[in-house]
Structure formats: structure tokens, C-alpha cells
Amino acid sequence: MLICKVTGLVTAPTHVTALDGAALLLVQVPGGGTLVAADTLGAAVGSHVLVCQGEAAQAALGGRCPVDAAVTGIVLE
């Protein structure tokens, strides 16, 4: 798991039914890299979030769609 900062929103040119109810967020990971993470919690740009990757990300979304990263928590500061 990583603590990342939400830097933006991502929009898809087509609708993916498996992602209904999830926003795609651009997040900055420690060290300067970026990821696109599916978010069902409603994190805002500028907030810090907990992100999991791989099978844990898929499980966080109920196994309903293939994603590489998912927001699993919002860090309260």
C-alpha cells in the first residue's frame, strides 16, 4: 500500500460499465511517479489517499473489474 496525493481526475472517452460508481484519479506516488487509481470513496484533488495495487485493488472493488490501483482510504490530516 502507498500513501499518495491526488493530483487530478481522469476521464475516459468510453463508458466502462464495470467502473460504474468509481472515479478515476491521477495520484502522485512517493518518489515522483504517477498512477491512475479507481476511487469509490469520493477523494478530492489535493487530498492524501491510501492506494493498493494488483489483486488487492481488484478485491477492493469487489472483484468486478480489472484495475491496477484502487483508493482504499482517505488520510485525515
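**Note on a predicted model: cysteines, core and loops**

1. **Cys 52.** At 6% relative accessibility, Cys 52 counts as buried. This value, like those below, comes from a predicted model. Buried here means under 20% relative accessible area. The 6% of Cys 52 is therefore on the buried side of the cut-off.

2. **Cysteine pairing.** How many disulfides does the structure hold? The count is zero. Cys 4 is in no disulfide, and its nearest cysteine sulfur belongs to Cys 52, 10 Å away. Cys 52 is likewise in no disulfide; for Cys 52 the nearest cysteine sulfur is that of Cys 4, at 10 Å.

3. **Overall fold.** The protein has one helix and five strands. Along the sequence they follow the pattern β-β-β-β-α-β. The radius of gyration is 11 Å, close to the 11 Å that the globule rule gives for 77 residues, so the protein is as compact as a globular protein of that length. Its C-alpha atoms fill a box of roughly 30 × 25 × 20 Å along the principal axes.

4. **Surface and contacts.** Of the 77 residues, 31% count as buried. The protein exposes about 4500 Å², and carbon and sulfur atoms supply 58% of that area. Now take contacts between residues at least 6 apart in sequence. Of these, 47% join residues at least 24 apart.

5. **The largest core.** Which residues make up the largest nonpolar core? There are eleven: Cys 4, Val 6, Leu 25, Val 27, Val 29, Ala 37, Ala 43, Val 49, Val 51, Ala 69 and Val 71. Strand 1 (2-10), strand 2 (23-28), strand 4 and strand 5 (69-74) each supply at least two residues of this core. Apart from it lies another core, of nine residues, among them Ala 22, Ala 57, Val 67 and Ala 70. In soluble globular proteins, nonpolar side chains tend to be buried together.

6. **Val 71.** Leaving out residues up to four places away in sequence, Val 71 touches Leu 25, Ala 37, Ala 38, Asp 39, Leu 41, Val 49, Leu 50 and Val 51.

7. **Asp 39.** Is Asp 39 buried or exposed? Asp 39 is buried, with a relative accessible area of 3%. Asp 39 is found in strand 3. Its side chain reaches the backbone nitrogen of Gly 42 at 3.2 Å. Asp 39 touches Gly 21, Ala 22, Ala 23, Leu 25 and Val 71, again not counting residues up to four places away in sequence.

8. **Ser 47.** Where does Ser 47 lie? Ser 47 is in the loop between strand 3 (34-39) and strand 4 (48-53). Ser 47 is buried, with a relative accessible area of 16%. A polar atom of the Ser 47 side chain lies 2.6 Å from the backbone oxygen of Ala 44. Beyond four places in sequence, Ser 47 touches Cys 4, Lys 5 and Val 6. Ser 47 and Val 27 are 20 residues apart in sequence and 9.6 Å apart in space, C-alpha to C-alpha.

9. **Thr 11.** This residue also lies in a loop, the one between strand 1 and strand 2. At 73% relative accessibility, Thr 11 counts as exposed. The cut-off for exposed is over 50%, so 73% passes. Thr 11 and Ala 59 are 48 residues apart in sequence, and their C-alpha atoms are 23 Å apart in space.

Terms used
Residues numbered from 1 in each chain as written. Predicted model: local features only at pLDDT ≥ 70, side-chain atom pairs only at ≥ 80, totals over all residues. Heavy atoms only, no water. Helix = DSSP H or I, 4+ residues; strand = E, 2+ residues; numbered from the N terminus. Buried < 20%, exposed > 50% of the residue type's maximum accessible area, 1.4 Å probe, protein only. Contact = heavy atoms within 4.5 Å. Polar contact = N/O pair within 3.5 Å; in protein donor to acceptor, adjacent residues only side chain to side chain. Core = buried A, V, L, I, M, F, W, Y, C linked by side-chain atoms within 4.5 Å. Disulfide = S-S within 2.5 Å. Rg over C-alpha atoms; globule rule 2.2 N^0.38 Å. Areas by Shrake-Rupley, 256 points an atom, 1.4 Å probe, with all protein chains shown as cover.
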